[in-house]
Amino acid sequence: MTITREVRTRNGNYVDLDGVSTYYEVTGTGEPVILLHGGLCPAETWDSQTAALAEQYRVYVPERFGHGRTPDIEGSITYENMARHTIAFMEKLEIGPAHLAGWSDGAVVAVLVALRRPKLVRKLVWIDQYVTLADAPPGLVPFLAAMSVETAPAPFVELYGAVSPDGPDHFSVVLDKLRTLWTGETGVDVADFEHVVASTLLLAADDGGMTLEHLAALRRSLPDAQVAVVPGTSHGLLMEKPRLVNQLLLDFLADEQVPKLLSHADGDER
């Protein structure tokens, strides 16, 4: 896993959201795209996608509380309060409707924003994240439950220590909160996806955070969805095959939903 190491001199901004000094980066021009990072991850994990998307879009990469350069908060970190934080970010900067792409924890945050405030979301990208604990690939939840400072991905530990306003020793506190998050229910069910209005891309690794069966179930639940599986990747697909991921994102965001050559909608299934 390779992450850009420009940890101290990035071109970022801060906005106050309910007393939390929230770090974000913005680049490019065009329709807004918001990239929502995964658990333990800073903005750096989106670097390859930011550069590619910014050629056509205005790309925002906010860091949620307890991640990157945004301080932790008192109490728990939950998907609901991260979704509220994201909505507050969009409203404060007057962004929207916007395309939302969420990876891992960010995918749950993105779909909650789409469900709670559908008019804020133009298109939605769900990247390699199970919906409920029962949907998780075998062994993944026990692995997350057992994660420690020593076994957490070393680049994330290093970046946290370099940029967090809470200091490197606070990493263990955030990790404890995230272990609780990861081993509890998300608050979202597959059936909830029936209410997602935005056109959605389900983007998964072939050996990551979603089984193919779960991917198919989500596809059946969504009113308007496309599916892509990135071969030869793990949960780190953003960094493992960035060019392929970027092309899939760009194609989906540019898709104007032209009629398909063969469609059941015309009633002819001969």
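**Figure 1. Contacts across the chain in this predicted model.** Of the contacts with a separation of 6 or more, 75% join residues 24 or more positions apart. The fold behind them is built from 9 helices and 8 strands. The radius of gyration is 18 Å, close to the 18 Å given by the globule rule for 270 residues, so the chain is as compact as a globular protein of that length. Along the principal axes, its C-alpha atoms fill a box of roughly 65 × 40 × 30 Å.

Figure 2. Buried residues account for 53% of the 270 residues. As for charge, you will find 21 positive and 37 negative side chains, and the centres of the two sets lie 4 Å apart.

**Figure 3. Tyr-60 meets Phe-89.** The structure holds 5 aromatic pairs. In one of them, the ring centres of Tyr-60 and Phe-89 are 6.3 Å apart with planes at 80°, so the pair is edge-to-face. Tyr-60 is buried at 9% relative accessibility, and Phe-89 is buried at 2%.

**Figure 4. Trp-126 meets Phe-193.** Here the ring centres lie 5.2 Å apart and the planes stand at 80°, so this pair is edge-to-face. The partners are 67 residues apart: Trp-126 belongs to strand E6 (residues 121–127), while Phe-193 lies in the loop between helix H6 (171–182) and strand E7 (199–205). Both Trp-126 and Phe-193 are buried.

**Figure 5. An aromatic cluster.** Tyr-24, Tyr-60 and Phe-89 are linked into a cluster by ring pairs.

Terms used: Residues are numbered from 1 along each chain as its sequence is written. This is a predicted model: local features need pLDDT of at least 70, side-chain atom pairs count only at pLDDT 80 or more; totals for chains, interfaces and linings use all residues. Side-chain values use heavy atoms; hydrogens and water are left out. Helices (H or I, at least four residues) and strands (E, at least two) are DSSP runs, numbered from the N terminus. The radius of gyration is taken over C-alpha atoms; the globule rule is 2.2 Å times the number of residues to the power 0.38. Buried means under 20% relative accessible area, exposed over 50%, partly exposed in between (1.4 Å probe, protein chains only). Contact means heavy atoms within 4.5 Å. Lys and Arg count as positive and Asp and Glu as negative; His and the chain ends are not counted. The place of a charge is taken as NZ of Lys, CZ of Arg, CG of Asp or CD of Glu. Rings of Phe, Tyr and Trp (its six-membered ring) pair if their centres lie within 6.5 Å; planes under 30 degrees apart count as stacked, over 60 as edge-to-face and the rest as tilted.
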